[in-house]
Amino acid sequence: YLVLIQLFLGNSCRFIAKPCAINLGIQDSGPHRAQPNAILEKVFTSITKSPDGKRLEGLSKQLDWDVRKIQRWFRHRRNQDKPTTLTKFCESMWRFTFYLSIFFYGIRFLWTAPWFWDTRQCWYNYPFQPLTSRLYYYYILELAFYWSLMFSQFTDIKRKDFLIMFVHHLATIGLITFSYMNNMVRVGTLVLCLHDASDFLLEAAKLANYAKYQRLCDAFFMLFGVVFIVTRLGIYPFWILNTTLFESWELIGPYPSWWLFNGLLVILQVLHVIWSYLIIRTASKALVRGKVSKDDRSDVESSSEEEDVTSNSTKGIFSTSSNGSNRLNGHVAGGQWTGE
């Protein structure tokens, strides 16, 4: 299934996303490339990608270049290998398609499931609950997708929230695998569907941004923020954690894996609180500025290094002035969303 996910990624980018991007006027042009310089290239590849003040002064004397010019060269050199806007559009397109499809599949499946309407049904006759084919495929597809996110995280541009997302992917994969092995799939489907409810909205906001539909981008992001906070700070603790912590204890008692299972769920809740705070902070800044302009999940390449700081401050939350790649789960975390 992991192979199928990767094939889906490649084919959707080639045959669907790329033509859509071209029709929207998104060009396959990369960032400004640094002019060839053997000395600076050697420093960049062998010593440091971000030289300090002392090294900059030494290079300035050696090359008879202005320090500002050398800083600009290193910035261009760091950025030139980053993916283009077209590449990022294609990535967001396939992620949007997957999130939207798996969410509606989950809703359609759970709509007729008794535990969707009464969470106590998750624990009746446990662990002797049948595993239907629809439930099995739902689980396996979600597990394969999160494994693909885990692997791709190490090949993408490193972000400030790398550790948070790494913990998130570990906790998610652990929960899916653990709940499947222990036949806790009923409550597991509720967790999966709840987490998919907001992700496709964030990808839609990125797509609108890459196509330079700023108002649509801001609208999708605000909608994403509302859905994220309602589902992760409202429904998740009062619906999911309530049944796993209290109803399960009441109906089947403190089973051996109870502590580990709920511990992983609580870790996710802590991450939800962190992300919700950052989303609220981003939205509050948007109300002041008139549009969404900041986010706390930027690339390591900070926008403060940009040559035109003033002009950058007017760009939207998903500004394409910096060319970072997004393959993460898509939650906000400080800095500009320039990489999204």
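This dialogue reads a few features of a predicted model.

Student: How are two packed helices described?

Tutor: By the angle between their axes and the distance between the axes. Here, take α5, residues 85–111, and α7, residues 133–152. They pack at about 155°, and their axes are 11 Å apart.

Student: What does that angle make α5 relative to α7?

Tutor: Angles over 145 degrees count as roughly antiparallel. So α5 is roughly antiparallel to α7. The crossing of α5 past α7 is left-handed.

Student: Which residues meet there?

Tutor: From α5, they include W94, F98, Y99 and I102. From α7, they include L135, Y138, L141 and F145. Charged residues take part too, among them R95 of α5 and E142 of α7. The contact divides into 11 nonpolar residues, one polar and four charged.

Student: How do I read a pair of aromatic rings?

Tutor: Look at the ring centres and the planes. Centres within 6.5 Å make a pair, and planes over 60 degrees apart make that pair edge-to-face. The count here comes to 24 aromatic pairs. One of them is F116 with W117, at 4.9 Å centre to centre and 85° between the planes, so this pair is edge-to-face.

Student: Are F116 and W117 buried or exposed?

Tutor: Buried means under 20% relative accessible area, and exposed means over 50%. F116 has 16%, so F116 is buried. W117 has 54%, so W117 is exposed.

Student: What about the rings of F145 and Y146?

Tutor: Their centres are 5.6 Å apart and their planes lie at 75°, so the pair is edge-to-face. F145 is buried, at 0% relative accessibility. Y146 is buried as well, at 2%. F145 and Y146 also belong to one aromatic cluster with W94, F98 and Y99.

Student: What is phi at D64?

Tutor: Phi of D64 is near 60°, again positive in a residue that is not glycine. D64 sits in the loop between α3, residues 53–63, and α4, residues 67–79. At 70% relative accessibility, D64 is exposed.

Key:
Residues are numbered from 1 along each chain as its sequence is written. This is a predicted model: local features need pLDDT of at least 70, side-chain atom pairs count only at pLDDT 80 or more; totals for chains, interfaces and linings use all residues. Side-chain values use heavy atoms; hydrogens and water are left out. Axes are lines fitted to C-alpha atoms, for helices over the stretch in contact, and angles run from 0 to 180 degrees between N-to-C directions. Helices (H or I, at least four residues) and strands (E, at least two) are DSSP runs, numbered from the N terminus. Angles under 35 degrees count as roughly parallel, over 145 as roughly antiparallel, 65 to 115 as roughly perpendicular and the rest as oblique. A crossing is left-handed if the near helix is turned anticlockwise from the far one by less than a right angle, and right-handed if clockwise. Contact means heavy atoms within 4.5 Å. Rings of Phe, Tyr and Trp (its six-membered ring) pair if their centres lie within 6.5 Å; planes under 30 degrees apart count as stacked, over 60 as edge-to-face and the rest as tilted. Buried means under 20% relative accessible area, exposed over 50%, partly exposed in between (1.4 Å probe, protein chains only).
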